[in-house]
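This report describes a predicted model of two chains. Please examine the sequence and the structure below before reading on.

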Amino acid sequence: MTKKTVNHRQLLGAPVRDHIIDEVRTYVDAAGKMGKIVSIAVDGTAEVEVYIRNQARMAARVGLDFDQQMWSRDITQDACKSRIQDMNDDPSVLGIIIQRPLPPHINIRSLQSAVHPLKDLEGMNPASIGNIIYSDIALVPCTAAASVEMIKATGLALPGLEVVMIGHSEIVGRPAAMLLMAEGATVTICHHMTRSVAMHSRRADVVLVAVGSPHLIGADMIKPGAVVIDIGINRIVTDDDTSHIVGDVDTAAVAEVAGWITPVPGGVGPVTVAVLMRNAKTAHMRQTQIGWRA
Amino acid sequence: MSAQIIDGKAFAATVRQKVAAKVSDLKDAHGVTPGLAVVLVGTDPASQVYVRSKGKQTVEVGMNSFEHKFDADTSEDVLLALIDSLNADPAVHGILVQLPLPAHLDETLVINRIAPEKDVDGFHIANVGLLGTGQKSMVPCTPLGCLLMLRDYHGSLSGKNAVVIGRSNIVGKPMAQLLLNDSCTVTIAHSRTADLPDVVRRADIVVAAVGRPEMVPGDWIKPGATVIDVGINRIDIEDDKTKLVGDVDYDSCAAVAGAITPVPGGVGPMTIACLLANTVTACCRINNLTDGEDFLS
């Protein structure tokens, strides 16, 4: 193997992930029996299996039991809901994860609402989102929270920072904006109706991108020295017929300008699963606080 | 140049007319009369004025008004039991607990006890999350009033740069969510913002909701921008007199802006009108009459 040169501008996910995993591991060791994480997939694809394998590996690293459930394609919405409600009442279940995508006949929002807010490891229940908006940061959407962790890893102080969030999805962009606002940043949220994204992004100390469009962000859109957090995951096929995973940022070009940049893969992604595990810890703390657990 | 004045008092009157028409329609076509329950604990004079005003306007548009008044030392259990009974009462479609509550009562606990579909203030945590993810929810009244005025003045808000000054749970945060849902590019500025004048100068739409008298001067405003002033501050003037002012310096902003809401007579009157509208919306949803829900447009 050739020796890699260290790129100091690269903001890597692995150390951030490991730090969070260590913190959760310490908690789990002290807490003893905490109950299991249930990860639900309905008629999962190969990609979903990769995610689940990754979750299982991280659960093993922090010492939590992990129950992987694959429900059949013909399960009804009502049956899904009632199984989730049973898990809400089951003290051996610490928390619940619902893998996306689901088959078209299943309404994901309705299932997310069915998960009890204190078992909502993905932070997708409306009450979980509501708490974030009210700056009660408990169970957070994992990718959004992972992005914030990456910014913190630069050592910059968030209060007063100008942050531009490109993309306003309910899973990433909107919750990330709220988390950053709660930290004191001045946040601007851009999206497909924004007249000039560059006008906003060029002014920003931090730019986050989560739109799912390869190479959307070029060097001319970034202020020199800014932090660039690339949340996109796109599979592209190059001329030689090989497929690659790339983000929403033209990484090579932007790296010349940015102060810090997260690579794809290896940036935000690894931290996302670590945040899921930290949510399991938070869920256990909150469940204990209200007397569900001794 | 001087700005067009957005007359909240007149606009609120048209909202109330639409609400009254919808109420009459609900009675005739479905035999349903929307009902609003207002809960007041204690004797705070400002709260008493609000509650009286809400009750009066509720009756004027043809809805049922239910007032529940309690002594300041009422226990949490008594209050929660009342909310449970209002949640279960089919004649009640909207429940409003007048804030602030006395210190011994947990506001969060009380508000989150209200059934989300009857939470006409839009403060229940589930409604906050639904609004924050662009889903159907009950929307807080003051920002809803601001949004209706903006839509009325601009038509489409899509693509406009909006800056919300202030990140309160009651106004700033839901206002930002509403503007996002209408496809504005939204910046939320607040006390930690490094260069507030610069941020505000970019905006096509400025919503000021900080509670600091006349803090936004005209030279922060982009020429032609729309200024929505949510602030209501009482300040001293000469001879022991006081007057109400907003969060923007009206005269200097009106000289630059394209349109502006005055204080008083701007956002203020819209809040109760939107409360009435929310009660009708809640009534439609609870009775599965969702096709007639957009009666305001």
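## Strands S4 and S5 of chain A

Strand S4 (residues 162-166) of chain A runs parallel to S5(A), and five bridges link the pair. Two strands count as paired if DSSP finds at least two bridges between them; helices (H or I, at least four residues) and strands (E, at least two) are DSSP runs numbered from the N terminus. Ile166(A) has Cys190(A) of S5(A) as its bridge partner. Between S4(A) and S5(A) the chain passes through H7(A), and this β-α-β crossover is right-handed, a term used if, with the strands pointing away from the viewer, the path from the first strand over the helix to the second runs clockwise.

The model is predicted: local features need pLDDT of at least 70 and side-chain atom pairs count only at pLDDT 80 or more, while totals for chains, interfaces and linings use all residues. Residues are numbered from 1 along each chain as its sequence is written, and chains are lettered from A and ligands numbered from 1 in the order in which they are written.

A residue is buried if 20 or more other C-beta atoms lie within 10 Å of its own, exposed if 12 or fewer, and partly exposed in between, with C-beta atoms placed from the backbone. Both faces of S5(A) are covered, with Thr186(A), Thr188(A) and Cys190(A) buried on one side and Val187(A) and Ile189(A) buried on the other.

Helix H7 (residues 173-182) of chain A is likewise largely enclosed by the rest of the structure, because nine of its ten residues are buried. The buried residues of H7(A) include Arg174(A), Pro175(A), Met178(A) and Met181(A). After H7(A) comes Gly184(A), which has a positive phi near 100 degrees.

## The contact between the chains

S5(A) also takes part in pairing across the two chains. Strand S5 (residues 186-190) of chain A and S6(B) are antiparallel and share three bridges. Within S6(B), Val186(B) is the bridge partner of Ile189(A).

In total, 25 residues of chain B are in contact with 27 residues of chain A, where contact requires C-beta atoms, placed from the backbone, to lie within 7 Å. Helix H5 (125-132), helix H7 (172-181) and strand S6 (185-189) of chain B each provide at least two residues of the side that touches chain A. H5(B) gives the most to that side, with six residues. By class, the side of chain B that touches chain A holds ten nonpolar, twelve polar and three charged residues. In this classification Ala, Val, Leu, Ile, Met, Phe, Trp, Tyr, Cys and Pro count as nonpolar, Asp, Glu, Lys and Arg as charged, and the others, Gly among them, as polar.

## The three-stranded sheet of chain A

Chain A has an open sheet of three strands in the order S2-S1-S3, with parallel pairing. Strand S2 (65-71) and strand S3 (93-98) of chain A are the edge strands, each pairing on one side only. Neighbouring strands of this sheet are turned by 20 degrees against each other on average, direction ignored.

Strand S1 (residues 36-42) of chain A and S3(A) are parallel, with five bridges. Lys36(A) has Val93(A) of S3(A) as its bridge partner.

## The three-stranded sheet of chain B

Chain B has an open sheet of three strands in the order S3-S2-S4, and the pairing is parallel. Its edge strands, strand S3 (64-70) and strand S4 (94-97) of chain B, each pair on one side only. The twist from one strand to the next averages 15 degrees. Helix H2 (residues 45-60) of chain B packs on the sheet, touching S2 and S3 of chain B, and its direction makes about 170 degrees with that of S2(B). Axes are lines fitted to C-alpha atoms, for helices over the stretch in contact, and angles run from 0 to 180 degrees between N-to-C directions.

Strand S2 (residues 35-41) of chain B is joined to S4(B) by four bridges in the parallel sense, and Leu36(B) stands opposite Gly94(B) in S4(B). S2(B) and S3(B) are parallel over seven bridges, with Ser65(B) in S3(B) as the bridge partner of Leu36(B). The chain runs from S2(B) through H2(B) to S3(B) in a right-handed β-α-β crossover.

Methods
Two residues are in contact if their C-beta atoms, placed from the backbone, lie within 7 Å.
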